[in-house]
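Please look through the sequence and the structure shown here, and then follow the account below, which moves from charged pairs to a helix and a surface patch.

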Amino acid sequence: MEKVYLDNAATTQVRGTVIEKMQDALSNFYGNPSSTHSFGRTAKTGVESARKTIAKYMNAHPSEIIFTSGGTEADNMILRCAVRDLGVETIITTKIEHHAVLHTVEELHEKLGIALHFVELDSDGNPEMSHLKSLLEADESKKMVSLMHINNEVGNKIDLDVICSLCQEHNALFHSDTVQSIGHFSWDVQKTPVDFLTAAAHKFHGPKGIGFAYIKKNSGLGCMISGGSQERGYRAGTESYHNIVGLEEAFIAAYDNLVEEAAYVSDLKRYFIERITEEIPDIKFNGLSGSLEKSTYTLVNVCLPMDPQKALMLLFHLDLKGIACSKGSACQSGSNKGSHVLTELLSEEDLQKPSVRFSFSKYNTKEELDYTIGVLKEFMA
């Protein structure tokens, strides 16, 4: 049976060079980075080297890169500590953010009384800038805007430069969940002066369980996890050295090969859009995922013209045929609820039809896409 992995927005295959780097770290560099003997100093040097590497590629200062267990922890840390330490009284976001943001801000609203406002979306799912501006001007409370750069389900890409300017104009903090974009798009935090960003290594062919937060220098943010002075006091706990060097290797490979690999994956997406439109003419693309200019090049989200009862078996059938993809985000697996993103964006009629996210990487081929589209068309016949 053919095996086709098209769920790269959920997680990616780890690069071989990353595995080699991590195996070497696990075998030979097992000292605690906080220890003062040579074993510990060697590990500490590796941790700081990784921090400097990431900072260099993002045009940040090394002290602004804080290692975390991934994007969810980084989002939680930034949002919760901004309320606690920076006097944030109002949070402005959208209803289609990742649940790491949505559930956190809802809890801050319910338990701490933080004002919570949702920016209106246009018909494609992009935030309405005029409404964001009115929310920023509504009162004198200390505000934080939290908007993801690339939506993990439909791939919409927002204009961070415009939002940064708006936030600066109104003295508001700006946090962006960039888990779907770091490792896939270039960054310069001097040109796009966000206050906070988040990343996860497993989204760009690195290991799971490691990521980082970009926290602008002198932000005033404190720690969420107490117990030690690791990560410059931002995050207590022994640093996961092998994961950190794995993150560094994946990060270097992603950016050193960015132009070539982005062109290759973009071509896969273009090909998938052309072929599936030819084979299934009544298909619709959710959000802006059918556009290479207005969405990420790594995914499409399609609404299939199918009978709702037959659609119940669609993902099961694709899995039986060896095809991995997602009905919603992987973080919702096990939940009986539909996608909160698609619920906001689709009509009642289209919500009755199955929507599937296919996401691509450097390890995919056009032959795999042909096979996938053939299986879909056969099932729908």
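The side chains of arginine 235 and glutamate 73 form a salt bridge, with 2.5 Å from N to O, the term standing for a side-chain nitrogen of Lys or Arg within 4 Å of a carboxyl oxygen of Asp or Glu. This pair links distant parts of the chain, since arginine 235 lies in the loop between S8 and H7 and glutamate 73 in helix H3 (residues 71–86), 162 residues apart; helices (H or I, at least four residues) and strands (E, at least two) are DSSP runs, numbered from the N terminus. Both arginine 235 and glutamate 73 are buried, where buried means under 20% relative accessible area, exposed over 50%, and partly exposed in between (1.4 Å probe, protein chains only).

The model is predicted, so that local features need pLDDT of at least 70 and side-chain atom pairs count only at pLDDT 80 or more, while totals for chains, interfaces and linings use all residues. Residues are numbered from 1 along each chain as its sequence is written, and side-chain values use heavy atoms, with hydrogens and water left out.

A further salt bridge joins the side chains of arginine 80 and glutamate 107 (3.2 Å, N to O). Arginine 80 belongs to helix H3 and glutamate 107 to helix H4 (residues 99–112), so this pair ties together parts that are 27 residues apart in sequence. Arginine 80 is partly exposed, at a relative accessible area of 25%, and glutamate 107 is partly exposed as well, at 29%.

Lysine 377 and glutamate 279 also meet through their side chains in a salt bridge (2.6 Å, N to O), and here helix H13 (residues 366–380), which holds lysine 377, is linked to helix H8 (residues 258–279), which holds glutamate 279, across 98 residues. Elsewhere, salt bridges that share partners join Lys44, Glu48, Arg51, Glu231, Arg232 and Glu239 into one network. Of these, arginine 232 lies in the loop between strand S8 (211–215) and H7, and, leaving aside neighbours within four places in sequence, arginine 232 is in contact (heavy atoms within 4.5 Å) with Glu48, Arg51 and Ser63.

How do the residues of helix H1 divide between buried and exposed? Val18, Met22 and Ala25 are buried in H1. Seen down the axis of H1, the buried residues fall within an arc of 60°, so they line one face of the helix, the arc being that of the directions from the helix axis to the C-beta atoms. These buried residues pack against helix H7 (241–256), whereas Glu20 and Ser27, on the other side of H1, are exposed.
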